[in-house]
Amino acid sequence: MNLVENSDAQYVVDNRLKDFIEAENKKQQFQVLVHELTDICWESCMDRPSARLEAKVQKCLVNCVERFIDTTNFVTNRLKHIASSSQPELGSLE
């Protein structure tokens with residue numbers, strides 16, 4: 001194997017490692033988000049611990065999660081819209 005082939009192989013390994021690390025970081029961010037959501041909704045909805053989940057608490061938890069998902073989707077879509085609308089402006093500056 002010559003130097004160029006070794007360099008190409010290293011580039012492929014580096015890209016795979018980079019992709020793997022990015023995927024793991026996204027998984028970690030998702031886990032952190034789920035943990036935060038659990039804490040927020042638990043604190044908002046649970047009055048007192050009991051052996052069973054009361055209907056009103058269950059409904060509160062469902063509503064809390066749904067509002068969180070709705071808000072996250074709204075913010076994500078809004079940021080995508082802002083990024084796509086500002087993209088042509090960046091191209092004209094170059």
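Lys56 and Asp47 pair in a salt bridge, with their closest N and O atoms 3.2 Å apart; the term stands for a side-chain nitrogen of Lys or Arg within 4 Å of a carboxyl oxygen of Asp or Glu. Both partners are exposed, Lys56 with a relative accessible area of 52% and Asp47 with 60%. Here, buried means under 20% relative accessible area, exposed over 50%, and partly exposed in between (1.4 Å probe, protein chains only). This is a predicted model, in which local features need pLDDT of at least 70 and side-chain atom pairs count only at pLDDT 80 or more, while totals for chains, interfaces and linings use all residues. Residues are numbered from 1 along each chain as its sequence is written, and side-chain values use heavy atoms, with hydrogens and water left out.

The count comes to 4 salt bridges. Another of them joins Glu54 to Arg48 at 3.1 Å, N to O; Glu54 is partly exposed at 30% relative accessibility, whereas Arg48 is exposed at 52%. Glu24 also bridges to Lys27, with the closest N and O atoms 3.1 Å apart. These two residues both lie in helix α1, 3 residues apart, or about one turn of the helix.

Key. Helices (H or I, at least four residues) and strands (E, at least two) are DSSP runs, numbered from the N terminus.
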